[in-house]
Amino acid sequence: MSETLADLGEAELLLRLAGFAPVGQLDDDTACLKTDPRPLLVNTDVFVDGIHFSDSTTSSIDVGWRAVAANLSDLAASGADHVDGITVALVAPGTTPWSWVNGLYEGISAALERHGGVLLGGDCSAGSQRLI
């Protein structure tokens with residue numbers, strides 16, 4: 001039987017997700033950005049299970065990659081020429097397998113490694129439907 005989010009609990013989930021971000025970056029629900037003279041562009045593009053992806057058509061790795069690509073595309077369209085990183089909000093039922101979440105963050109990490117930026121933070125919550 002595979003581990004689920006309900007099996008892990010919030011503390012263990014956050015501990016595991018911290019492995020995808022720079023040390024200390026996932027200590028709370030905020031992202032720390034260094035200030036500089038560049039304009040700050042912020043984007044949020046949500047992916048909803050059953051609308052933007054489904055297990056029958058999209059692997060969790062691909063969901064992670066697509067979520068990053070959609071947000072980076074929006075930033076580029078707004079004139080961004082450098083991305084410090086992204087934040088990720090994850091809503092998922094407790095029955096969601098850890099392996100699905102791990103794959104999601106592997107896809108996020110792969111897209112960031114390819115296009116630049118790091119995982120800056122985010123938030124996790126239980127819900128009846130997966131939202132990223």
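R130 counts as buried, with a relative accessibility of 8% (buried means under 20% relative accessible area, exposed over 50% and partly exposed in between, using a 1.4 Å probe and protein chains only). Before we go on, please note that this is a predicted model, in which local features need pLDDT of at least 70, side-chain atom pairs count only at pLDDT 80 or more, and totals for chains, interfaces and linings use all residues. Residues are numbered from 1 along each chain as its sequence is written, and side-chain values use heavy atoms, with hydrogens and water left out.

R130 sits in the segment after β2 (helices, H or I of at least four residues, and strands, E of at least two, are DSSP runs numbered from the N terminus). Its side chain makes a polar contact of 2.9 Å with the side chain of D49, and another of 3.0 Å with the side chain of D55. A polar contact here is a pair of N or O atoms within 3.5 Å; within protein, one must be able to donate a hydrogen and the other to accept it, and residues adjacent in sequence count only if both atoms are side-chain atoms.

Leaving out residues up to four places away in sequence, R130 also touches others, including F47, F53, V91, P93, T96 and W100 (contact means heavy atoms within 4.5 Å).

A polar atom of the T96 side chain is 2.8 Å from the backbone oxygen of P93. Beyond its neighbours within four places in sequence, T96 contacts E3, T4, L5 and V101 as well as R130.

The axes of α1 and α3 are 11 Å apart, at an angle of about 25° (axes are lines fitted to C-alpha atoms, for helices over the stretch in contact, and angles run from 0 to 180 degrees between N-to-C directions). These helices are therefore roughly parallel, the word used for angles under 35 degrees, with over 145 roughly antiparallel, 65 to 115 roughly perpendicular and the rest oblique.
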